[in-house]
Amino acid sequence: MAGKPKPTVIMQNTNKNQPVKLGMFDQLSRDIPAGLVVFLVALPLCLGIALASKGTVDEAPMFSGLLAGILGGLVIPLISRSPLSVSGPAAGLIAIVIAGIDTAGSWEAFLVALFLGGILQLALGFLKAGSIAYFFPNSVIKGMLAAIGLILIRKQIPHALGVDTEMMDEEFHFLNTLPVIQEILLEKPYQVGAAIISLVSLAILITWDRTFLKKITWLPGALVVVVLGVVINVLFHQLVPAWELLGANGTDPGHLVSLPRSLVENGVTGFFGEFTFPDWSALANPAIYGVALTIGLVASVETLLSVEAVDKLDPHKRQSPLNLELIAQGVANIIAGLLGALPITAVIVRSSANVNAGGQTRMASLVHGVLLFVSVITIGSVLNLIPLSSLAAILLLVGYKLAHPKLFKAMYKQGMNQFLPFVVTVVAVLLTDLLIGIAIGSAVGIYFTIKANFRSAIIQEEREGVVYVHFKKNVSFLNKAILTQTLNDLPAGSHVVIDGTEVDFIDHDIQEILAEYRIRAKESGTRLEIVGVKPEDAHIQLLG
């Protein structure tokens, strides 16, 4: 009797220590500091992603990156029920923005596509299509991210060297990358100051990731790089004026962040005055709808994959409702299209920072959005001191991590059925665009999947002079070729057992092949046994 209460006490303590459901205001002491950390991570990334979103005909304003971060922090947490994911502009969508601006013809026209992409996400959410991400082969997703990393590296080289050249934008492919870099280094006068800041920034970021410094969760390496870039440029001004990087007021074009003067000088009023509104006449351009489809699908896939990854990091193992997440993302991107922000997705870097900093609920993401808004309306003049080369260094490392050589090696070790779709996706994205590249890579991935299923669905073995043909999976018309080849290769006069006991379904086309083989077997003297095929399912019984 004395031992009976113990299990009850243990159960009560366990339940108290596992809060399955936490309200947004239940963990403020942990969410507010976590939100501060996420803000420090997000600020340079918002600026850097806007910097990289530059097409040949137009470019995304620097303000659009900050606005996307603010909307991702203020809108999505109020709708989504994902406890730890953080949303904002994503490096994975830079290639889409670049190609989308060029296709649309202007930034304002691109916003129409973003608006439509948000509506598509909203529809996917209401249609309960939250499982859409699972229909893309993992090798294709990794190939897409690797290609984005390579594109990111290529686009940031001019900024890292302080060269304002359109050469790397005019033809957005990799075939002329090395000649262009060679021309920049040997013929065009690059900025020594920018190169120094980039190299120092890269050294710090690499060191930060590989030493004890990465354990300082409240001080992100990206923020240190940005602050140090400002300090170094001030020292250039004092000690080596020729190396100083000047903003748009000093030279045209400049090499510093350039937020609009009205935003810097007028605070809240200037913030609302910087909204860019879509050019609705773009609805007459059929190409807009292709861009919208790309934004809606890729942003949804990236969001769902990020949310799934963050849920796995959640110490409470909570599951985010994916359909509601798509609705939240759709609403945010509709607003982004209406006001002039970059596309928004759930992003793994900021979400991971939230988890590592001890975030517990959606309040941490909301806090980061509030801090982004406050920083834009209060310290715009400070943000304009940030060298573009500092942001380029951050993005160069992001690109390197996305396209890390270890990824290519790991995919190769997984076999050709994984490696080839991966490589094909990378090459196709680099030489075409993101949507076409994903489609080509998916086609290759599906081919290998079907081929593997064909091979594994029908197994042939020989035991004690008897040839067994086993159906290991449900067989359909897709297995006709392999079954026909298998049966044709069987020697005449042998003893053959076709075993369908392990499957629940045998397609009509397969039944016809078996019926035809039964006739051939009789004529060739082959002893044939067919087991596991129900008489009511197989008309071969009537033909035998």
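Predicted model: local features only at pLDDT ≥ 70, side-chain atom pairs only at ≥ 80, totals over all residues.
1. Start with the largest pocket. Its volume is about 1,500 Å³. The lining has 46 residues, and the closest to the centre are Ile348, Val349, Arg350, Ser352 and Lys401.

2. By class, 31 lining residues are nonpolar, seven are polar and eight are charged.

3. Next, look at Thr361. This residue sits in the loop between α15 and α16 (363-378). Is Thr361 buried or exposed? Thr361 counts as buried because its relative accessibility is 2%, under the 20% cut-off. Beyond its neighbours within four places in sequence, Thr361 is in contact with Leu22, Gly23, Met24, Gln27, Asp31, Pro83 and Leu84.

4. Now the sheet. Four strands form an open sheet in the order β3-β4-β5-β6, and the pairing is mixed. At the edges stand β3 (458-463) and β6 (527-531), each pairing on one side only. Neighbouring strands are turned by 15° against each other on average, direction ignored.

5. Strands β4 (466-471) and β5 (495-499) run parallel and share five bridges. His470 stands opposite Asp499 in β5.

6. Two helices lie across these strands. Helix α23 (508-524) lies across β4, β5 and β6, and runs at about 155° to β6.

Notes: Residues numbered from 1 in each chain as written. Heavy atoms only, no water. 1 Å grid on protein atoms, 1.4 Å probe; cavity = no way out; pocket = protein on both sides within 12 Å on 5 of 7 lines; lining within 4 Å. Points joined across faces, edges and corners; volume = space filled by probe spheres on them. Nonpolar A, V, L, I, M, F, W, Y, C, P; charged D, E, K, R; others polar. Buried < 20%, exposed > 50% of the residue type's maximum accessible area, 1.4 Å probe, protein only. Contact = heavy atoms within 4.5 Å. Pairing = 2+ DSSP bridges. Axes fitted to C-alpha atoms, helices over the stretch in contact; angles between N-to-C directions.
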